[in-house]
Amino acid sequence: MQSKSKITQIIATKPTVKDSFGAISQPVYRNIAFEYPDSESIADAFQQKTNGYTYSRINNPTVFDFEQKMKAAYNAQYAMAFSSGMAAMSNLFMTLAYNGANIVSSPHLFGNSFSLLNSTLKEFGVEVRFVDTDNLNEIKQAIDDNTCAFFCELITNPHLEIANLPEISKILKQKSVPMVVDTTLIPWCGMQQKELGIDLEIVSSTKYLSGGSGTLGGVILDYDSFDWSKNRKLAPIVKTGIRSAFNHKLRTEIARNFGATITPDTAFAQGVGMETVELRYKAQSESAYILAKELLKHSCVVHVNYPKLDNYKYKELADEFFIGNPGAMLTFNLATKVDCFKFMDNLKIIRRSTNLFDSKSLIIHPESTIYGTLNADMKRLIGIDETLIRLSVGLENVEDLKNDIFQALELI
Ligand SMILES: *Cc1c(COP(=O)(O)O)cnc(C)c1O
């Protein structure tokens with residue numbers, strides 16, 4: 001029976017290989033090496049004539065099982081898991097970029113993603129061209145023959161901006177540039193099944209997927225929607241007759257050489273985490289919306305940003321792209337940085353910490369922490385405001401969270 005509901009599909013998924021003890025989910029295969037009955041069959045496995053496993057940095061049954069689940073959850077053609085979200089991102093850009101290439105990107109990125117593009121890749125001859133994603137003309141102007149990717153986050157953190165992906169996609173299609181989007185902030189169950197134009201997607205599975213922040217991981221999802229004969233680096237692979245040149249290059253060269261492999265234990269834990277994502281996401285997002293509305297009422301709060309509030313700049317796009325309450329992250333401004341620190345120090349339940357979508361509610365002052373080591377010019381480019389507080393709402397009772405926030409606001 002084919003179930004329409006994704007949560008049932010994910011929970012009902014059987015191990016990809018039938019286990020001799022009847023294990024109900026894919027066992028954790030911690031072994032590195034795999035043995036074959038004869039020389040011919042191990043040669044076939046190494047030459048990829050058969051689907052056999054060879055060495056756990058390259059392929060592993062537990063990791064394969066997790067990747068299959070991710071592929072199904074996102075309706076992607078290929079999924080590859082890595083040891084962290086940053087590992088997924090660096091492997092992705094190492095596959096696409098080359099000396100002389102450029103990436104057209106929003107500057108409003110997760111701190112390390114910004115640094116990967118703006119410092120690490122730059123030293124290898126890859127230029128990053130920062131654009132305002134609200135300005136379609138600016139995007140069009142920034143693209144040239146060496147643009148190997150357009151990149152942004154959906155939704156941006158901590159600005160909570162939404163790029164008009166379907167409109168940007170029209171430009172990228174004309175110019176033959178793949179759209180790469182980091183969707184860590186909204187899991188599959190929060191997205192409308194709608195054509196947004198994403199070709200390659202990055203998810204830090206450390207966040208919603210791991211559940212309770214017990215494991216680090218990252219996944220690249222490939223929708224096999226881009227014609228790679230238009231990419232200078234991948235075109236020669238297309239000529240050999242291989243269909244998804246990106247997936248081929250990533251799997252058989254880049255990922256093997258960088259070796260940022262997800263461990264079988266993590267793949268297992270995140271596969272289990274996936275089963276409860278929908279429930280946790282719904283509960284945490286609902287609490288986030290309730291708290292956003294409560295914060296609006298308090299006189300110490302200057303501004304509240306959550307993609308469902310009436311004053312939200314991208315409300316139309318949010319309603320079009322997302323289902324229900326759009327995520328468990330909200331931001332708000334107090335009058336001064338001193339107020340922000342005082343407020344945060346007064347909290348009893350909400351923890352001062354940087355992760356997102358943990359079961360615990362976590363609060364952070366981005367300007368002094370995540371962006372704390374950047375100079376003033378960089379802070380201006382990234383658009384970081386010193387009166388901004390970011391809250392990731394957890395699974396605690398929402399009344400308890402509200403009371404904690406209000407008692408802390410009263411003390412400033
Ligand atoms: C956390 C995060 C990352 C990096 O993921 P790690 O698993 O910590 O490497 C990338 N993008 C976004 C939007 C994130 O929140």
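The model is predicted, so local features need pLDDT of at least 70 and side-chain atom pairs count only at pLDDT 80 or more, while totals for chains, interfaces and linings use all residues. Residues are numbered from 1 along each chain as its sequence is written, and side-chain values use heavy atoms, with hydrogens and water left out.

Let us start at the ligand. Among the residues that surround the ligand are Ser84, Gly85, Met86, Phe110, Asp182, Thr206 and Leu356; a residue is near a molecule or strand if one of its heavy atoms lies within 4 Å of it. Asp182 has an N or O atom in its side chain 2.6 Å from a nitrogen atom of the ligand. The side chain of Thr206 has an N or O atom 2.6 Å from an oxygen atom of the ligand. At Gly85, a polar backbone atom lies 2.8 Å from an oxygen atom of the ligand.

Next comes a sheet. Strands of a sheet pair through backbone hydrogen bonds, either parallel or antiparallel. Here five strands form an open sheet in the order β8-β9-β12-β11-β10, with mixed pairing. Its edge strands, β8 (301-305) and β10 (351-352), each pair on one side only. Strands (E, at least two residues) and helices (H or I, at least four residues) are DSSP runs, numbered from the N terminus, and two strands pair if DSSP finds at least two bridges between them. Within the sheet, β11 (residues 362-364) and β12 (residues 388-392) pair in the antiparallel sense over three bridges; Leu362 has Ser392 in β12 as its bridge partner.

Now look at helix α5 (residues 111-120), where the buried residues include Phe114, Leu116 and Leu117. Buried means under 20% relative accessible area, exposed over 50% and partly exposed in between, using a 1.4 Å probe and protein chains only. The buried residues of α5 pack against several elements, among them α4 (85-96), β2 (102-105) and α13 (376-382).

What about charged residues? Side chains of opposite charge can pair when their charged atoms come close. A salt bridge is a side-chain nitrogen of Lys or Arg within 4 Å of a carboxyl oxygen of Asp or Glu, and by this rule the count comes to 18 salt bridges. One of them joins Asp265 and Arg30, whose closest N and O atoms are 2.6 Å apart. Asp265 is in helix α10 (residues 264-296) and Arg30 in the loop between α1 (6-12) and α2 (39-46), so this pair ties together parts 235 residues apart in sequence. Asp265 counts as partly exposed because its relative accessibility is 31%, whereas Arg30, at 61%, counts as exposed.

Another salt bridge joins Lys379 and Glu367 (3.0 Å, N to O). Lys379 lies in helix α13 and Glu367 in the loop between β11 and α13, so the pair ties together parts twelve residues apart in sequence. Lys379 and Glu367 are both buried.

Which buried residue has no salt bridge, with Lys348 as its nearest side chain of opposite charge? This is Asp404, and Lys348 is 6.1 Å away; Lys and Arg count as positive and Asp and Glu as negative, with His and the chain ends not counted. Asp404 sits in helix α14 (residues 398-410). Its side chain makes a polar contact with that of Gln407 (3.0 Å). A polar contact is a pair of N or O atoms within 3.5 Å; within protein, one must be able to donate a hydrogen and the other to accept it, and residues adjacent in sequence count only if both atoms are side-chain atoms.

Note on methods: Contact means heavy atoms within 4.5 Å.
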